[in-house]
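Reader: I would like to go through this model term by term, asking on what grounds each label is given. Please set each value against its definition.

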Amino acid sequence: MQLSAEDEDFRRRVREWLERSLTGRFAALRGTGGPGREEEAHAERLAWNRHLAAAGWTCLGWPAEHGGRGATLAQQVIFYEEYARAGGPTRVGYLGEELLGPTLIAFGTPEQQRRFLPAIKAVDELWCQGYSEPGAGSDLAAVATTAELDGGQWVINGQKVWTSLAHVADWCFVLARTEPGSRRGAGLSYLLVPMRQPGITVRPIRQLTGTAEFNEVFFDGARTGRDLVVGEVGGGWRVALGTLSFERGVATLGQQIGFERDLGRLIALARQTGAAAEPVLRDKLARAWIGLEAMRAHALRTLAAGPGRAAGGPEAAPAAASVLKLLWSRWRQELGELAMEVRGAPSMVARGEPYDLDDWQRLFLFSRADTIYGGSSEIQRNIVAERALGLPRQARP
Ligand SMILES: Cc1cc2nc3c(=O)[nH]c(=O)nc-3n(C[C@H](O)[C@H](O)[C@H](O)COP(=O)(O)OP(=O)(O)OC[C@H]3O[C@@H](n4cnc5c(N)ncnc54)[C@H](O)[C@@H]3O)c2cc1C
């Protein structure tokens, strides 16, 4: 895709700013907080994220009237590419910035937008996503957590699970059943709930990597304001699906630069260890490179399809986002597997106690989750089958 002179200038400004800023007290943050490393340097990454915000590098795609930069889709992708190229640390505010913010812009009241968007943009308030429950994952419409009105407040009871970053979040967007006896998507509401209150217990779940990025969250009479429902009371399903469409949105289009860097590092390692001379591993490394090119071609084609569709907004082409999720999640898993093969037997031993994993081991273990979160691969294939290929709908309960 041909970039305009304006976009090239934008790229240069982003690159220079990152080079200048990821120095001094932030220099050590390069590459931190990635898959399986979410616990790493949280306070420092928060400070960095606020530094980004102060310089106007958060919420690039939000419209200017909501405090965003109103950046074009191409510029947002450029930003994510340059961010990955510079080894920028994983941003601690991404759930607010990429999921809740766009949802409030699309579905929130002016009061909700005024109350929450500035704090998301400045990274003053962190958010988590309270969708999944022990009995509701892929089948999200099975949500059983309830909320009922008691005077001027909603009272929430139930359990969420796999709630990423709940342990550091100030707020949670919760999908709850507000109409007793309702079924499936009907009768659900989308509530904004403060996390720091006696009715909420957060219990970390330790993952394969040894770290605890996600949590169980128990609601025992937790409370939130009557006005903190996004969309209609009972109309939360539509809002929840809107959030999911943003989840598979623009940030993923720019991530291939990071993947390219990882693959480059692995090829260098394979040369160093002699693994690159082995025909089967050479073949796999070449396939990884081809997979990266296929992803890039798909991302460019999605971009060329036009802003609304590619941005993953409610009007987006869901199949294109699903195809990209299928491609990158499997690609990254295979890269992790390949890294273990390239390193050979030593890859099975931790560097030290307790459970001190290196980057490749973390990638190998954490990427098992890539084909589960944000909609599992099976669910993505169902979307592609039904919406892109027009195959018969899967039988539903
Ligand atoms: C690292 C990580 C972070 C997460 N963060 C969050 C978070 O912050 N907030 C949140 O709410 N949730 C989060 N999740 C939960 C995630 O959304 C769910 O794990 C996911 O939706 C799958 O649900 P489940 O785990 O209940 O599996 P299930 O839905 O029980 O699925 C089990 C298996 O059956 C398959 N399957 C299910 N239904 C179908 C079908 N109709 N057709 C074909 N196959 C099917 C699935 O693909 C899967 O392989 C996170 C998960 C992970 C791994």
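Reader: In which strand does Leu188 lie?

Author: Leu188 lies in strand β5, where strands are DSSP runs of E with at least two residues, helices are runs of H or I with at least four, and both are numbered from the N terminus. The model is a predicted one, in which local features need pLDDT of at least 70 and side-chain atom pairs count only at pLDDT 80 or more, while totals for chains, interfaces and linings use all residues. Residues are numbered from 1 along each chain as its sequence is written, and side-chain values use heavy atoms, with hydrogens and water left out.

Reader: Why is Leu188 called buried?

Author: Buried means under 20% relative accessible area, with exposed meaning over 50% and partly exposed in between, for a 1.4 Å probe and protein chains only. Leu188 has 0% relative accessibility and therefore counts as buried.

Reader: Which residues touch the most other members of the largest nonpolar core, and what makes a set of residues such a core?

Author: A nonpolar core is a set of buried Ala, Val, Leu, Ile, Met, Phe, Trp, Tyr and Cys residues joined through side-chain atoms within 4.5 Å. The largest one has 33 residues, of which Leu100, Trp127, Tyr131, Phe173, Tyr190 and Leu192 touch the most other members. Its largest share, five residues, comes from α4.

Reader: How do you know that β2 and β3 pair?

Author: Two strands pair if DSSP finds at least two bridges between them. Strand β2 (residues 146-150) and strand β3 (residues 153-160) are joined by five bridges and run antiparallel, so by that definition they pair. Thr146, for instance, has Asn157 in β3 as its bridge partner. Two residues stand between the strands of this hairpin, in which Gly151 takes a positive phi near 65°.
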